[in-house]
Amino acid sequence: MSISRRKFLQSLAAGLLGGGSPLAAATSEGRSSRREEAARLAEAALDAARAAGAAYTDVRVLFSESEALSAREERIENVEVSASSGLGVRALVNGVWGFSSASMLDPAHASACARTAVEMAKANRSLATQQVELERVEPKIDQWRVPIEQDPFSIPLDQKAEQLLRINATARAAGAPFCQSFFLFVRQEKFFASSIGSFLEQLFFRTYPRLTVTAIDPETGRFANRSSLLPPRAAGYEYIRSHDWKQEARQAAEDARRKLKAKPVAAGKKDLVLHPTNLWLTLHETIGHSTELDRAFGYEAGFAGTTFVKPDDRGRLGFASEIVTVMADRDQPGGLATAAYDDDGMPTRYARFPIISRGRFENFQMAIGQSRWIGLPHSNACSFAEGHAYFPIQRMPNISLQPSQHDVSLEELIAGVDDGVFIVGDGSWSIDQQRKNFQFGGQLFYEIRKGKLGEMLRDVAYQSTTVPFWTACDGLGGAKEYWLGGTLSCGKGQPVQSAPVSHGVVPARFRGINILNTGRHA
C-alpha cells in the first residue's frame with residue numbers, strides 16, 4: 001500500500017497541524033516549524049523512492065541536542081554543547097533493504113538520498129541470502145513525548161555548573177580528597193514517515209548525573225573509588241533537583257574511605273545477594289543480549305557475538321528457577337527505551353511481552369521482518385537506530401526482572417544466608433561471545449555471616465554460567481524493593497551503535513556461586 005502526495009499532506013494537516021489536541025496546542029512554534037520541515041522532507045523522499053521502484057520506504061528525520069558538563073574538585077573541566085540534524089531513508093526493493101542518509105535538510109537532498117537507498121537495495125540483491133518479508137503495519141499519524149516537568153535545556157549552564165561544584169565540595173568536606181562529577185542531557189526530536197501513510201512525531205529527553213569520589217591511604221598509597229548509584233533516566237531537570245546530592249556525596253566519601261580498610265574476600269562457593277544497583281547489569285548482559293533474535297541467527301557474530309539460545313528454544317528452554325519472570329516493555333515511566341513507536345514505526349504495545357515466564361524462555365526480541373524467521377505474525381517493536389545515519393536494527397526495549405508476589409525485603413534475603421557475600425553497585429565485567437560464561441564485579445562488597453551483614457570486603461568478583469546462575473536464584477525482593485537501572489550506551493551492530501535501555505530489578509539471592517578473589521596477591 002502506498003499513499004499519494006495529496007493524501008499524505010491532507011492527513012498530516014488534519015492529524016498534526018490542527019489545534020484540536022492538547023499536545024498540539026502546547027507545541028512550540030519551533031517544534032511546529034520542524035514538523036513542517038520534516039513533512040516536506042518525507043514527502044520528497046517517499047515520492048523519489050516510489051518513482052525509483054521501491055515497494056516500501058520509510059524516512060526518519062532527527063533533530064538532536066546534548067549538553068555535557070564535568071567538574072573536578074573546585075573547577076569546571078569541560079562544557080560541551082552540540083546539535084545535529086539529518087535524515088535516513090530505508091527502501092525495500094524486491095525483498096532487499098537499501099539505506100542512505102544525509103545531513104543536508106532540503107527536499108533536493110532528501111530525494112537524492114531516497115534514490116541512493118533504492119540503488120543500494122538493488123546492488124545488495126546479489127548479496128542477499130533471503131528476502132525481507134514485512135508484516136502488515138497499520139498506518140498511524142500520532143505524537144508522543146517523554147513526560148517531564150522541567151526542560152534541562154532551559155536551565156542556564158552556570159546554574160548546572162554551580163550544582164556540580166557544590167556536589168564536589170560536599171564530598172571533599174566529607175573526607176574524599178578527589179571528586180569528579182558530571183551532568184549529561186539529551187533532547188531528541190524524531191519524525192518517522194512511511195510509504196503506507198504513517199507520520200509519527202516523538203520527543204525524547206534523557207538525563208544522566210554521575211559522581212565519583214576517590215579516597216587515598218597516605219601510608220600505603222592505596223586508593224579506592226566510589227561512584228554514585230543514580231542511573232540515567234528518561235526525565236527532565238527535575239531528576240537532578242529531586243535527588244539528595246549532599247547525602248549521596250557524603251555517603252560516597254565514607255564508603256570510599258571504608259574500602260581502604262576492607263579485608264580481602266576468601267574465594268570459594270558462597271551464597272550471593274545482589275543489590276539492584278548491581279543486578280541490572282547482569283540482567284542486561286546475560287538475559288537482555290542472549291535473547292535477541294538477530295543474534296540467535298548469527299547476525300552479530302562479527303562484532304558482539306552470538307548467543308547460546310537457539311531459535312527453537314522458544315517455549316522449551318529452562319532458563320531460570322520458577323520464581324524468575326522477566327518482562328519486556330516500552331511503557332515504563334522513566335525507562336530509557338520507553339516510546340510510543342519503535343524505529344520501524346511499530347506501536348510499542350507489541351513490546352510488552354514475557355522473555356522468561358516462571359523460569360522458561362518464552363520470547364525473543366525482534367525488529368520488523370524478523371518474526372517470519374520463526375513463524376510469528378509480527379515483530380515486537382524492538383527496533384532502534386542511534387541517529388539519522390544509522391540503519392535501524394533490533395535493540396532491547398526495557399527489560400525487567402519482576403518482583404516477588406510477596407512483600408520480601410532485602411533484609412529477609414540476607415537473613416536466609418549463612419555464609420555469603422552482598423554486592424552493591426556495578427563494576428567491571430566480562431562475558432563470552434555466546435553470552436554464557438561471565439564474571440562480574442561491583443562497587444561495595446560485604447560478607448554475610450549467619451544472616452547478618454558483616455565486614456566490608458575487597459577484591460570480589462562472581463563467576464558463573466548464565467542458565468546455572470539464574471537457576472540458582474531462590475529469593476527475590478518484593479515490589480517495594482523495585483529499582484530502575486540502565487545505560488545510555490549499550491553497544492551493538494556494525495558500524496557500532498549505542499542505544500539507551502533501562503532494566504527494572506529487585507534484590508535477588510543466588511545459592512552456591514563461585515566467588516573469586518581478584519587481588520594481585522590472592
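A cavity, in the sense used here, is a set of grid points where a 1.4 Å probe fits but cannot get out. The model is a predicted one, and a search of the whole structure for such spaces of 30 Å³ or more finds three cavities. Rolling a probe the size of a water molecule over the atoms is what shows where empty space is left.

The largest cavity holds about 120 Å³ of space, and 18 residues line it, with K190, R330, A337, A339 and F384 lying nearest its centre. Strands β6 (199–216), β13 (383–384) and β24 (497–505) each supply at least two residues of this lining, and β6 gives the largest share, three residues.

In soluble globular proteins, nonpolar side chains tend to be buried together. The largest nonpolar core of this model has 52 residues, and those touching the most other members are L272, F319, L401, Y462, F469, W470 and F510. Helix α8 (residues 276–288) gives the most to this core, contributing five residues.

The structure holds zero disulfides. C113 counts as buried because its relative accessible area is 4%, which falls under the 20% cut-off. C473, with 3% relative accessibility, is likewise under that cut-off and therefore counts as buried.

Key: Residues are numbered from 1 along each chain as its sequence is written. This is a predicted model: local features need pLDDT of at least 70, side-chain atom pairs count only at pLDDT 80 or more; totals for chains, interfaces and linings use all residues. Side-chain values use heavy atoms; hydrogens and water are left out. A nonpolar core is a set of buried Ala, Val, Leu, Ile, Met, Phe, Trp, Tyr and Cys residues joined through side-chain atoms within 4.5 Å. Buried means under 20% relative accessible area, exposed over 50%, partly exposed in between (1.4 Å probe, protein chains only). Helices (H or I, at least four residues) and strands (E, at least two) are DSSP runs, numbered from the N terminus. On a 1 Å grid over the protein atoms alone, a cavity is a set of points where a 1.4 Å probe fits but cannot get out, and a pocket is an open set with protein on both sides within 12 Å along at least five of seven lines; lining residues have an atom within 4 Å of a point. Grid points are joined across faces, edges and corners, and a volume is the space filled by probe spheres set on the points. A disulfide is a pair of cysteine sulfur atoms within 2.5 Å.
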